[in-house]
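Trainee: I am new to this structure. Please take me through the ligand site closely, and then through the other local features.

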Amino acid sequence: MGAPFAEVVIIGGGLAGLACAVTLSDRGIPVSLYESRSRLGGRASSFEDKQTQHLIDNCQHVSMGCCDEFNRFCEMTGIAPYFRREKHLYFVGPNNSRSNRADGQFKINVFSASSFLPTPLHLLPAFGGLSYLSFSEKIELAQGLKKLARMSIDLDQEPTMAQWLVDQRQSQNVINRFWNVVLVSALSESLKRISLSHAQKVFVDGFLRARDHWQVIIPTVPLEQLYGAVILKRLEKQQAKVHLQTGVNRVQISDGKVTGVILRNGQEIACDRVVLAVPHQRVLSMLPDEFPGRESLSKIEQIESAPITSVHLWFDREITELPHAVFVDCLSQWMFNRSRLMQHASEEGFYYQIVISASHSLTGAARQGRTQDEIIAEVIEDLTRIWPETRNAHLNHSRMLTEHQAVFSVKPGIERLRPSQRTDVTGLYLAGDWTATGWPATMEGAVRSGLKAVEFLLEDLQQPESLFLPPSKTSILSKILFRL
Ligand SMILES: Cc1cc2nc3c(=O)[nH]c(=O)nc-3n(C[C@H](O)[C@H](O)[C@H](O)COP(=O)(O)OP(=O)(O)OC[C@H]3O[C@@H](n4cnc5c(N)ncnc54)[C@H](O)[C@@H]3O)c2cc1C
């Protein structure tokens with residue numbers, strides 16, 4: 001007797017493709033996953049650093065307590081033990097509202113939840129304790145947050161966050177030291193480009209709705225060990241076929257139905273169901289010039305991207321014991337103490353990774369001729385101002401990486417450009433963080449897109465199943481205070 005289901009072809013081994021592959025294989029549906037690179041993980045992956053001969057991540061990836069589907073995916077695939085949940089965040093900023101970075105007076109503000117107060121008041125002492133905002137600025141911030149959370153936003157006419165903040169008369173200090181710090185790292189875009197609705201989602205889902213949603217979850221091993229080793233092994237155990245270094249050239253469509261795919265090596269694979277889980281920039285070139293729904297799908301060409309830069313530094317000594325830190329008023333935005341997080345220092349020394357999201361100013365003409373070494377020196381200057389010990393440390397090795405198309409830009413109007421995972425072509429499904437999930441470009445968004453594509457596919461196989469967790473419960477007080 002043959003298999004009850006024909007094989008599903010998944011193109012792309014990023015988190016969206018992996019979520020599809022795991023979910024389908026768990027249901028006994030045979031899958032073949034084609035990934036053009038030599039590793040799984042896509043934009044969340046590692047590479048070997050020639051000098052240290054260690055696997056390092058293209059950039060530190062973190063998730064949050066509110067990333068329900070990604071966190072469940074980690075549990076289900078057995079990678080959850082390789083993450084640690086941070087119950088304290090360290091915000092490093094000037095030690096009072098009037099001082100600035102030039103004063104060289106920095107304070108480490110420990111941001112953690114009160115165990116006595118109910119949600120969302122449990123974070124009030126943490127916000128209230130931020131040294132670099134004055135009392136009146138904190139009141140102003142609370143008013144802005146309350147207004148943002150309660151707003152109903154018309155997606156067809158929404159402003160950028162920068163415009164909204166000006167309209168609300170939020171002061172420059174509050175904009176720079178709070179809204180900018182939280183939103184740029186959460187959404188990897190500048191306030192001038194972030195849509196109001198995406199900003200609202202960050203605060204509502206991340207801080208106001210439920211108790212532990214704000215906590216940051218950090219991998220303690222290189223991403224390759226998670227997606228490349230543990231998940232690959234799991235897929236192989238489930239008889240899924242994973243073809244690395246096997247790019248797909250085109251999906252074949254005839255009479256409005258998928259008929260197969262052609263690999264870059266010319267091989268033709270017949271199949272009647274394909275999940276196309278590649279970055280949005282690749283999609284249209286992999287499909288025929290004409291097929292049902294091409295015109296509406298072509299809107300994805302208007303999706304813009306934002307860059308993220310990571311600076312990797314290996315010092316001969318530890319410059320701080322903190323596992324991570326968020327910087328205020330600096331070029332550097334987040335520091336991850338990789339040696340502490342991974343619990344070992346390499347022969348090259350103590351490894352720190354600095355992340356600069358929405359790094360438009362470090363790319364193209366905006367870079368103003370600054371060399372990589374100059375940018376790295378600026379980052380080290382930030383660290384030295386905060387941890388003077390850095391001055392005595394010897395830099396053994398460094399590298400800087402910029403992913404120019406790291407994430408899609410959450411500009412006003414973006415939701416109208418994001419297509420459903422179901423297409424007008426029978427047997428063709430889309431997955432990827434850029435498809436319609438309501439989430440920004442994140443691992444959570446990618447996993448959700450994969451689950452949604454599989455839901456549509458199961459429906460077409462007459463095996464409908466709801467794959468999503470029920471939404472997290474909103475605290476009663478948040479409902480009253482913010483009308484959530
Ligand atoms: C620098 C950086 C930092 C980030 N930081 C975070 C973070 O801290 N937290 C967070 O949640 N998210 C973060 N993200 C975003 C996150 O990485 C992405 O949202 C997520 O990984 C996207 O997954 P995906 O499967 O949709 O796409 P991708 O990961 O892009 O996967 C697509 C896959 O398709 C493959 N492919 C392309 N063309 C073909 C072809 N023709 N044939 C076969 N395969 C093909 C690609 O090689 C790739 O593996 C970051 C991204 C970057 C770049």
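Mentor: The ligand site comes first, and the other local features follow. Keep in mind that this is a predicted model.

Start with the shell. There are 35 residues around the ligand. Those that come nearest are Glu 35, Arg 43, His 61, Val 62 and Asp 433. By class, 17 residues of the shell are nonpolar, 11 are polar and seven are charged.

Now see where the shell comes from. Helix H1, residues 15–26, supplies at least two of its residues. Next, look at the domains. Domain 1 is made of 8–45 + 222–298 + 412–460, and domain 3 covers 305–408. Both give residues to the shell, so the ligand lies between them.

A polar backbone atom of Val 62 is 2.8 Å from a nitrogen atom of the ligand. Val 62 is also among the residues that come nearest. At Ala 16, a polar backbone atom lies 2.9 Å from an oxygen atom of the ligand. How much of the ligand does the protein bury? Taken alone, the ligand exposes 1,000 Å², and 95% of that is buried by the protein.

Gly 413 sits in the loop between E19 and strand E20 (428–430). Gly 413 is buried, with a relative accessible area of 13%.

Now the cysteines. How many disulfides does a search of the whole structure find? The count is zero. Take Cys 66. Its closest cysteine sulfur is in Cys 67, at 4.5 Å, and that is too far for a bond. A disulfide needs the two sulfur atoms within 2.5 Å. Cys 74 is in no disulfide either. For Cys 74, the nearest cysteine sulfur is that of Cys 67, 9.6 Å away. Cys 66 is buried, at 8% relative accessible area. Cys 74 is buried too, at 3%.

Finish with the backbone. Most residues other than glycine have a negative phi, and most peptide bonds are trans. Here are some exceptions.

The peptide bond that joins Thr 119 and Pro 120 is cis, with omega about 5°. Pro 120 has its place in the loop between strand E8 (106–111) and helix H3 (124–128).

Gln 239 has a positive phi, near 70°. This residue lies in the loop between helix H8 (223–237) and strand E10 (241–243). Why does Gln 239 count as exposed? Its relative accessibility is 64%, and exposed means over 50%.

Gln 368 also has a positive phi, about 50°, although it is not a glycine. Look for Gln 368 in the loop between strand E18 (350–357) and helix H12 (372–386). Its relative accessibility is 69%, so Gln 368 counts as exposed.

Note on methods. Residues numbered from 1 in each chain as written. Predicted model: local features only at pLDDT ≥ 70, side-chain atom pairs only at ≥ 80, totals over all residues. Heavy atoms only, no water. Near = heavy atom within 4 Å. Polar contact = N/O pair within 3.5 Å; in protein donor to acceptor, adjacent residues only side chain to side chain. Areas by Shrake-Rupley, 256 points an atom, 1.4 Å probe, with all protein chains shown as cover. Helix = DSSP H or I, 4+ residues; strand = E, 2+ residues; numbered from the N terminus. Nonpolar A, V, L, I, M, F, W, Y, C, P; charged D, E, K, R; others polar. Domains from an automatic or database assignment. Buried < 20%, exposed > 50% of the residue type's maximum accessible area, 1.4 Å probe, protein only.
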